[in-house]
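Let us take a walk through a protein model together, one piece at a time. Have your viewer open and follow along.

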Amino acid sequence: MQANRALPAIKIFNYRFDVTEVAIIFFCYLLMENIFSWLLVPNSILIEYYEKLLSIFIYVFMLYKLPSLKIAEKIYVGIFTLLMVKLVLQSLYQYNSFFQEFTMFTVLYPVIFALFIKYICRIYDLDLLGFISKFYIAMYIIFMVIYGRGFSFSLDTVVMTDYGPFSGDTRIIHANSILMMIIPFLWYLNKFITEKKTSFLLPCLFCLGVIVIHQHRSVWSCAIVALSFYIVSEIRANRQAISYVMQLFFSAIFFAVICYIFITNLFPGFLNFLGDRFSEIFDPAKEGSTGNFRIKQRETYFKLFLQKPIFGWTYKGFEMPNPLVDWWPAGSGQHFHEGYMEMLFYHGIIGLLFKYSILIYFLVAIWNKRLSSQTRVLIAFGISGFLFSFNYVLPIIFWGHVGLCLYYIEKDKAAATQLTVIKTN
């Protein structure tokens, strides 16, 4: 963090911030996490209004700061602005209103949010990964203490008037928030591998346990993908890590065997239950499962996408009755279960490439051996978003973490350039 601040310093999780930084991080970043915002304002409508107002403010802010942005950032903001101008003109011409459906803005806006977080981190020189990791562990514990009394492995449906960040069953927390536990899991694993201190192992195992017991198969898959990319990139960057990773691997097998012995004796049938749940990952078409519904939704909307493949259905998609279910209010949109189909249906190929191009960039950047450990952790997490998008629409906070990752990549490149200059001189 920056030193010698004029403003008073505030210490949170052993990280020092000034008042301005705390305000920005709190109101413009952390409040986008559903379990955190729900602890403060347990009302989905109010939270949604806040996020909409904030999104407009951030977009206007990025337009105002356009001259000070990097070239790539200017290009992204420029493309987004052109797409918005197109939608405004279309709305004025077809509906005689300025912007017929705000959802058309919100489904593309996450890219602007990612650039905003990157810009803020650059301006204030914020190193937030460790702080974010501790934040998620703390928020999870607090949330489960308050709302987790009905947790069980039964997956029984829980009827609620406002589902907010809840899963709607006895898993309590939605997959969108459990997905974020991959960040502290990888961060503490990285600290354990690089610093070889057993004090980092306990929080790492805690995060892994959280991911497992909440039984979101989409998160299980993403955790495996993120872990795989992180391990490979860590080994590529540091060959000396191979031996320690192998020791960790065999230690994990030994630990798993011990856990297996205890669990099979104390809770007979529990591992079979988890095994059945995991096997459903490879059988998404199972009758009555959410995976089966996603497949039906994908098949139905892909045919519609082919009718308008370039820019999508835009506003007309809201006039269309839902072809699969009838419980959503008319004119409220199609309520997609999959990120890719949402983009293809509403914004076509142009929108899909615009939104996911940053994650495509991560697939290339992760092979750079000069990346810092923080960057490798966040890139691996970001890449897992490709898989998560087959199951859900990526939450806005995910894109905030993408922006943090972009900042670390930029910082690593600057450090590498400076090192090259020093060697040349």
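Which residues in H9 meet which residues in H10? On the H9 side they are Ile182, Pro184, Phe185, Tyr188, Leu189 and Phe192, and these meet Leu201, Pro203, Cys204, Cys207, Leu208 and Ile211 in H10. The residues of this contact divide into 12 nonpolar, no polar and no charged. Please keep in mind as you look that this is a predicted model.

Now for the geometry behind that contact. Helix H9 covers residues 182-195 and helix H10 covers residues 201-213; their axes come within 8 Å and cross at roughly 150°. That angle makes H9 roughly antiparallel to H10, since angles over 145 degrees count as roughly antiparallel. If you check the hand of the crossing of H9 and H10, you will find that it is left-handed.

Let us step back to the whole chain for a moment. Its secondary structure comes to 18 helices and 2 strands. The chain has 425 residues, of which 48% count as buried. Among the contacts with a separation of 6 or more, 71% come from residues 24 or more positions apart.

A second pair of helices is worth a visit. Helix H11 (residues 217-237) and helix H17 (residues 373-388) pack at an angle of about 145°, and their axes are 8 Å apart. Here the crossing is right-handed. In H11 the contact includes Ser218, Val225, Phe229, Tyr230 and Glu234, while in H17 it includes Arg376, Val377, Phe381, Ser384 and Phe388. The residues of the contact of H11 with H17 divide into 13 nonpolar, 5 polar and 2 charged.

Follow the chain out of H17 and you come to Ser389, in the loop between H17 and helix H18 (396-424). Is Ser389 buried or exposed? With a relative accessibility of 0%, Ser389 counts as buried, because buried means under 20% relative accessible area. Leaving out residues up to four places away in sequence, Ser389 touches Glu338, Gly339, Tyr340, Tyr356 and Leu394.

Another serine to look at is Ser177, found in helix H8 (residues 175-178). Ser177 has 4% relative accessibility and therefore counts as buried. Setting aside its neighbours within four places in sequence, Ser177 is in contact with Glu33, Asn34 and Ile35.

Next, go to the strands. Strand S1 (residues 9-12) pairs with strand S2 (residues 15-18) in the antiparallel sense, over 4 bridges. To trace the pairing, note that Ala9 stands opposite Asp18 in S2, and that Lys11 has Arg16 in S2 as its bridge partner.

The hairpin of S1 and S2 has 2 residues between the strands. What is the phi of Phe13, which sits in the loop between S1 and S2? Phi of Phe13 is near 55°, a positive value in a residue other than glycine. Asn14 is placed in the loop between S1 and S2 too, and its phi, near 65°, is again positive in a residue other than glycine. These values are worth a look because most residues other than glycine have a negative phi.

Phe131 lies in helix H7 (residues 129-147). Phe131 and Tyr15 are 116 residues apart along the chain, and their C-alpha atoms are separated by 6.9 Å. Which residues does Phe131 contact, leaving aside its neighbours within four places in sequence? They are Ile12, Phe13, Tyr15, Phe17, Ile25 and Leu30. At 4% relative accessibility, Phe131 counts as buried.

One last stop is Glu21, placed in helix H1 (residues 19-28). Glu21 counts as buried because its relative accessibility is 1%.

Technical notes:
Residues numbered from 1 in each chain as written. Predicted model: local features only at pLDDT ≥ 70, side-chain atom pairs only at ≥ 80, totals over all residues. Heavy atoms only, no water. Axes fitted to C-alpha atoms, helices over the stretch in contact; angles between N-to-C directions. Parallel < 35°, antiparallel > 145°, perpendicular 65-115°, else oblique. Left-handed = near helix turned anticlockwise from the far one by under 90°. Contact = heavy atoms within 4.5 Å. Nonpolar A, V, L, I, M, F, W, Y, C, P; charged D, E, K, R; others polar. Pairing = 2+ DSSP bridges. Buried < 20%, exposed > 50% of the residue type's maximum accessible area, 1.4 Å probe, protein only.
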